[in-house]
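The model comes first, then the points by topic.

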Amino acid sequence: MKTNCFFPADILLPDFSRMDGAKWSCVACDQYTSEPAYWESADRLVGSAPSTLRLVLPEVYLAETAERKPRVLAAMEDYLRDVLISHPDSMILVERTQSDGKIRRGLVGLIDLEAYDYHRGAHSLIRATELTVAERIPARTTIRRDASIELPHVMLLIDDRARTVIEPLTNQKADFPVAYDHDLMQGGGHITGYFVDAEAQGAAIAALDALATPEAMQDRYGKAGLAPLLFAVGDGNHSLAAAKTCYEEVRAALGDEAAKTHPARYALAEVVNLYDEALEFEPIYRVAFGVDPDHLLAAFDAFIQTQNGTAAPQTVEWISGDRRGTLTIPAPVSALTVGTVQEFLDEYLRTAAPEGAYIDYIHGEDTTVSLAGRADTIGFLFDGMAKEELFSTVISDGSLPRKTFSMGHAADKRFYTEARRLK
């Protein structure tokens with residue numbers, strides 16, 4: 001079984017000898033969605049310097065898409081003329097020093113969207129780990145459909161317990177030219193990238209191929225005949241789904257043959273080993289805005305009484321203003337606490353919440369507690385899943401509840417650094 005879905009790319013980077021890398025790289029657009037102050041601070045820090053901040057639309061500003069989109073597209077064209085330099089047939093070994101000092105390693109390359117399917121129950125080589133919400137895709141296609149370049153915040157996980165793909169590259173890094181080496185803004189740590197040579201690229205691809213054989217699948221998951229699963233989307237699933245949607249539009253317009261070589265068929269992504277010691281799974285908490293907390297809690301208690309499942313008992317901590325409490329679910333249907341919470345909140349928003357109420361998905365306990373201190377809000381904290389459960393759960397269940405886990409704190413998420421032409 002050959003993967004044939006991960007390749008070198010023509011990667012675009014600025015000349016970091018002439019500019020400030022800390023101003024160039026900015027955090028993924030789907031972070032700090034309830035904290036506009038973060039993005040306002042980033043804007044002041046960047047000023048007029050070239051920055052990926054000017055090439056993306058932070059989701060905190062989605063309501064301003066019509067106003068901001070032309071500026072984003074114009075900046076892409078400006079940067080293609082005056083800022084970005086092409087590095088053909090490249091893969092980049094990334095070493096990301098996180099805010100906690102740990103180093104997370106990854107490999108940036110090109111994936112074939114023909115090998116990706118975000119629908120639940122897919123048997124593709126690249127699969128979503130969480131339920132993909134169709135309503136969240138259009139906001140991303142709005143930009144990508146007209147964009148001349150892409151910047152990746154997608155992180156793909158591999159179940160590489162023997163450490164055969166990325167770790168050998170780390171041992172060779174002294175032989176690779178440095179692509180970039182700079183601090184990241186606003187507590188994001190540090191990032192260093194190395195251009196992987198052709199021989200090492202080939203070895204990495206061969207190691208990926210080996211992970212997708214029937215024998216390797218049976219050895220890892222203890223069952224014969226499983227459809228190969230090579231990449232599980234750890235971060236950026238909805239952005240990857242948008243890329244897939246735009247590619248399908250191109251294929252429908254141009255025909256299958258012409259679409260085979262079109263840039264839209266591919267997407268840049270960073271591959272990370274699930275067993276990287278720096279990679280930690282953390283729960284993504286929930287905060288409900290614009291609600292009566294007491295009414296919501298009463299509804300949650302009533303929902304708990306309807307649960308008659310066989311999963312282990314679960315507990316959920318709630319915070320509202322200066323009040324805290326704990327809810328216990330003795331017989332949950334969902335095996336994951338986040339699934340129980342999400343099922344209730346979806347039902348509550350649909351049937352009982354006031355007009356204008358909404359849910360946000362929050363990284364970090366401190367931020368959740370802070371946001372839940374506002375009027376008419378309530379936050380929920382709960383235990384997360386172990387990362388070792390991810391691949392087997394996706395194989396058996398198809399996908400997890402949306403926003404089940406986060407790979408680290410918001411400041412440690414992927415920062416935009418590399419780019420690639422889409423047109």
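The largest cavity has a volume of about 430 Å³. A cavity here is a set of points on a 1 Å grid over the protein atoms alone where a 1.4 Å probe fits but cannot get out. Grid points are joined across faces, edges and corners, and a volume is the space filled by probe spheres set on the points. This is a predicted model: local features need pLDDT of at least 70, side-chain atom pairs count only at pLDDT 80 or more, and totals for chains, interfaces and linings use all residues. Residues are numbered from 1 along each chain as its sequence is written, and side-chain values use heavy atoms, with hydrogens and water left out.

- The largest cavity is lined by 26 residues, and closest to its centre are Arg140, Ile143, Arg144, Leu151 and Ser239. Lining residues have an atom within 4 Å of a point.
- Two or more lining residues each come from H4, strand E9 (149-150), helix H8 (237-254) and strand E14 (266-273). Helices (H or I, at least four residues) and strands (E, at least two) are DSSP runs, numbered from the N terminus.
- By class, this lining of the largest cavity has 20 nonpolar, two polar and four charged residues. Ala, Val, Leu, Ile, Met, Phe, Trp, Tyr, Cys and Pro count as nonpolar, Asp, Glu, Lys and Arg as charged, and the others, Gly among them, as polar.
- The second largest cavity has a volume of about 220 Å³. Its 22 lining residues include Glu130, Gly234, Asp235, Gly236 and Lys403, which lie nearest its centre.
- Strand E13 (231-235) and H8 each give two or more residues to the lining of the second largest cavity. That lining holds five nonpolar, 10 polar and seven charged residues.
- The whole structure has four cavities of 30 Å³ or more.

**Largest pocket**

- The largest pocket has a volume of about 720 Å³. A pocket is an open set of points with protein on both sides within 12 Å along at least five of seven lines.
- Of its 33 lining residues, Asp30, Thr33, Glu59, Asp360 and Tyr361 are the closest to the centre.
- Helix H4 (137-144), helix H11 (337-351), strand E18 (358-363) and helix H12 (365-371) each give two or more residues to the pocket lining. E18 gives the largest share, six residues.
- The lining of the largest pocket has 13 nonpolar, eight polar and 12 charged residues.

**Aromatic contacts**

- The count comes to 15 aromatic pairs. Rings of Phe, Tyr and Trp (its six-membered ring) pair if their centres lie within 6.5 Å; planes under 30 degrees apart count as stacked, over 60 as edge-to-face and the rest as tilted.
- Tyr38 and Trp39 are edge-to-face, because their ring centres are 5.3 Å apart and their planes are at 80°. Tyr38 is buried at 10% relative accessible area, and Trp39 is buried at 2%. Buried means under 20% relative accessible area (1.4 Å probe, protein chains only).
- Tyr116 and Tyr118 form a tilted pair, with centres 6.1 Å apart and planes at 45°.
- Phe300, Phe303, Phe344, Tyr348 and Phe380 form one aromatic cluster.
- Arg68 lies over the face of Tyr61, at 3.7 Å from the ring centre. The rule asks for NZ of Lys or CZ of Arg within 6 Å of the ring centre and within 35 degrees of the ring normal.

**Whole chain**

- The chain has 13 helices and 22 strands.
- Buried residues make up 58% of its 423 residues.
- The C-alpha trace spans about 60 × 55 × 45 Å along its principal axes.

Technical notes. Buried means under 20% relative accessible area, exposed over 50%, partly exposed in between (1.4 Å probe, protein chains only).
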